[in-house]
Amino acid sequence: MKYLMLLLASLLSPVALAQETAPDALVKGITTEVIAIIKQDKEIQTGNPKKIADVVETRILPHFSFARMTQIAVAVNWRRASPEQQKSLTEEFKTLLVRTYSNALSLYRDQVIDFRPLRMRPGDAEVTVKSEIRQRGAQPVTLDYELEKTPSGWKVFDVKVGGVSLITNYREEFSAQVREAGIDGLIKTLAAKNRGVRSDKT
């Protein structure tokens, strides 16, 4: 699964595209841009953490709906959290995902990405952009993006690798932490983990 995570980071970055651009066209366009950045930047290819983090924060994060992603990961406990707790959970989960996507981006090589035709009806507010990742010597892997239409354009709220949601994988862990120490305990655990990551980079 860790190997497969490298595939998602290559597909999401802001592009000067109109807000009304179809979600599949958006993902295809940003795929091309990020792959070009990776291929041209030797420091990214050698794993420079600062350069990788910069690409993640400037090219990837603007296209994620972190509130929705956090809500999915926290599940029923999201409704039990206060607005302040929801904000803290979202910020800490965002930081956690930055590390995930940074690791994925550092592992990118020369995978070929094929997109399937988009199935979308007029007025749909949520769609799935489906793709397949091919690499020599390995079986193809499906990579699907769940997007929602927001006032600021289409945003990704989940990524599925081989049909498995990377966001819902956090549910069991988060639920156990809430049972043990409450929502504030989950926030503290995420914050401590993120502080450790930031310390490692300094």
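Me: At 1.5 Å a residue, what should the 12 residues of α4 span, and how far apart are its end C-alpha atoms?
Reply: The structure is a predicted model. At 1.5 Å a residue, the 12 residues of α4 should span 16 Å. This expectation agrees with the model, because the end C-alpha atoms of α4 are 15 Å apart.

Me: Around the axis of α4, how wide an arc do its buried residues cover?
Reply: The buried residues of α4 are Ile52, Ala53, Val55, Val56 and Ile60. They lie on the same side of α4, because around the axis they cover an arc of only 155 degrees.

Me: At the start of α4, which backbone nitrogen does a side-chain oxygen of Asn48 reach?
Reply: The contact is found at the start of α4, where Asn48 contributes a side-chain oxygen. This oxygen comes to within 3.0 Å of the backbone nitrogen of Lys50.

Me: Which residues touch the most other members of the largest nonpolar core?
Reply: The largest nonpolar core has 51 residues. Elements that give two or more residues to this core include α4, α7 and β3. The residues that touch the most other members are Val56, Met69, Leu89, Phe93, Leu97, Leu147 and Phe174.

Me: Is Thr150 buried or exposed, and what is its relative accessible area?
Reply: Thr150 belongs to strand β3, which covers residues 141-150. The side chain of Thr150 reaches the backbone oxygen of Gly153 at 2.6 Å. Buried means under 20% relative accessible area. Thr150 therefore counts as buried, with a relative accessible area of 19%.

Notes:
Residues are numbered from 1 along each chain as its sequence is written. This is a predicted model: local features need pLDDT of at least 70, side-chain atom pairs count only at pLDDT 80 or more; totals for chains, interfaces and linings use all residues. Side-chain values use heavy atoms; hydrogens and water are left out. Helices (H or I, at least four residues) and strands (E, at least two) are DSSP runs, numbered from the N terminus. Buried means under 20% relative accessible area, exposed over 50%, partly exposed in between (1.4 Å probe, protein chains only). A polar contact is a pair of N or O atoms within 3.5 Å; within protein, one must be able to donate a hydrogen and the other to accept it, and residues adjacent in sequence count only if both atoms are side-chain atoms. A nonpolar core is a set of buried Ala, Val, Leu, Ile, Met, Phe, Trp, Tyr and Cys residues joined through side-chain atoms within 4.5 Å. The expected span of a helix is 1.5 Å times one less than its number of residues. The arc is that of the directions from the helix axis to the C-beta atoms.
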